[in-house]
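Grab a viewer and work through the exercises below. Each one has a task and then a solution in steps.

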Amino acid sequence: MVLDSIGVGLIGSTTDVFELALQYCQHMYAYNDISSVYGRKGTKLSPTLAAFVNGVATHSMDFDDTWHPATHPSGAVLPAVLALSDMMPANNKPSGLDFLLAFNVGIEIQGRLMRFSNEAHSIPKRFHPPTVVGTMGSAAACACLLSLDPSRCSHALAIAASLAGAPMANAATQSKPLHIGNASRLGLEAALLASRGLEASPVVLDAVTGVAGFNAFYEDYMPQPLELPSDEGYVFLLEDQDMAFKRFPAHLGMHWVADAAASVHKMLVGKGPSTVSPAEVKEIVLKVPKSKYINRPFPKSEHEARHSFQFNACSALLDGEVTVQSFTPTAMSRPNLLALLDRVHLEHPHDNPANFNLMYSEVQVSLAGGDTVKGRCDTFYGHWRNPLTDESLRKKFRNNAGGVLPPEKVESLIDVVEKLDMLQDSGILLSQLQ
C-alpha cells in the first residue's frame, strides 16, 4: 500500500490540479521549508500544506487504492504521516516500524468506523467517504506517531469529526482530489491541536440519543465494543480484508466494465493490435449497477471520463485495454470512440447492487451482421478477491514513478519501502520522495 500510494502520488504530481494546489500553497502562504512535496526536488512546505498537496497528488488521477466498505484509505493517511515525520527533529525520526504502525492505525480506524454502518458498504451518494473516515484515519495515525495519551487521542478524533465531509456533487471534477488533500491535512491539524491541549466532545463516536455524533454522516451508524488485544497481539483488518489496487486511473467501478469490454474486444479481433471498427457495431448494452455519478454518456473532461461507465467500456472495446493515455485529450476526442459512445445503453439488473463486494459488469455488443457478443466480469484483476501480485505492483510503481524520478531513485524507493519495517530511521524514506 505504501509503495502504490507513493507511486500514484508521484505520477499525480504531474497533473494540472496538483500544480494549481501547489501554486496556491506557495503563493498564499509563507514558505516554511519542513516537509517534502512529491516529485518536486527542493520544494518544501509546512507539514499541513505538504500533507494537503501530496494528498491532492495521490487522488488527482483517481489511481489510488480502494477498500471495502468504499473509501480510498492510503491517500488520506500516508501524506500526513510523511509530513509529520518530516516535522520531527533529525535525531528523533520515527523508526520504520513506528511509521508503519501509525499508517496501519490510520487505515484501521477507517475500516472499523465504516463497518459500524450498512450504508457505508454501498457506492456513496451523499458525501465522499474519504473526507469523513479519511480525516479520522489521518488524525488517528498522527496521534499514534505523536504518542498522544488516550484522552488526547480521543480529542484528536473528535476534532477531526468537526473538520470532515464533502459532497459527492464534486466527483468527476478537479475539486475531488482536494477531498483527499483536505482529509490528510485536516487530520494532521486535528492531532496537532489535540497535542496542544484542545478538547472536543468525548461522545462523538458513541451512539447518543438526541446528539448527532458520527451518525451525522452515516445515519445507521451503530458502534460496537472492540475486543482488547490478546497476548498474541492485535489482528488488523488488513490481515482479513485485502485492498483493491487499480491497473488504470479511474473510479473502481470502471475496472469491471473495462475488463468485460476487453474480453469482447479479444473475441472480435483476437490478441493482435487491431481495433474494433464502429462500422461493425450496432448497439452496446452495459449491465452495471445504478449509480448516477458514474453514469456519464459523453464525458467532457478527463475527470468525467474517469467516472464514466460508457467511456471506459468503449475505450476497452476499441483498444483492448484502458491505460493512463486513454484519458488524454487526443484519445478522448477520437472519432471512432465518439461513434461507439453514441451507441451505448445502460441497464441496471436488480441482482447487481452498487457495492464493490457484490457488483458485476456485463457488456453485450450487437453487431451489424446480426450476431451478439457478450463479456462479463465478476472480479477484475486488482480486486481484493483477485489481488495484484507483488511484481504487478512493482511494475505499476515503476511506470508511475519513472516519469518523475530517475531510474536509480525509483529502484531505491522500492527497496526502502520493502524493508521499511527494519529501518531504524524513516528519514531514509523521506529523502527519496523528490
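**Exercise 1.** Work out which helices each supply at least two residues of the lining of the largest pocket, then describe that pocket.

Solution. Step 1: the helices are H5 (96-114), H6 (133-145) and H7 (150-161); helices here are DSSP runs of H or I with at least four residues, numbered from the N terminus. Before going on, note that this is a predicted model, where local features need pLDDT of at least 70, side-chain atom pairs count only at pLDDT 80 or more, and totals for chains, interfaces and linings use all residues. Residues are numbered from 1 along each chain as its sequence is written, and side-chain values use heavy atoms, with hydrogens and water left out.

Step 1: get the volume. The largest pocket holds about 850 Å³ of space. (On a 1 Å grid over the protein atoms alone, a pocket is an open set of points with protein on both sides within 12 Å along at least five of seven lines, while a cavity is a set where a 1.4 Å probe fits but cannot get out; lining residues have an atom within 4 Å of a point. Points are joined across faces, edges and corners, and the volume is the space filled by probe spheres set on them.)

Step 2: look at the lining. Of its 30 residues, Ile109, Cys153, Leu157, Leu205 and Leu226 are closest to the pocket centre. By class there are 23 nonpolar, three polar and four charged residues. (Ala, Val, Leu, Ile, Met, Phe, Trp, Tyr, Cys and Pro count as nonpolar; Asp, Glu, Lys and Arg as charged; the others, Gly among them, as polar.)

**Exercise 2.** Find how many cavities of 30 Å³ or more the whole structure has, and compare their linings.

Solution. Step 1: the search turns up two. Step 2: the largest cavity has about 100 Å³ of space. Step 3: the second largest cavity has about 50 Å³. Its lining includes His59, Asp62, Lys176, His303 and His307, and the classes come out as three nonpolar, five polar and three charged.

**Exercise 3.** Describe how H14 packs against H15.

Solution. Step 1: H14 (residues 390-401) and H15 (residues 407-418) pack at about 135 degrees, with axes 10 Å apart. Step 2: pick the contact residues. Step 3: sort them, giving five nonpolar, no polar and four charged.

Conventions
Axes are lines fitted to C-alpha atoms, for helices over the stretch in contact, and angles run from 0 to 180 degrees between N-to-C directions.
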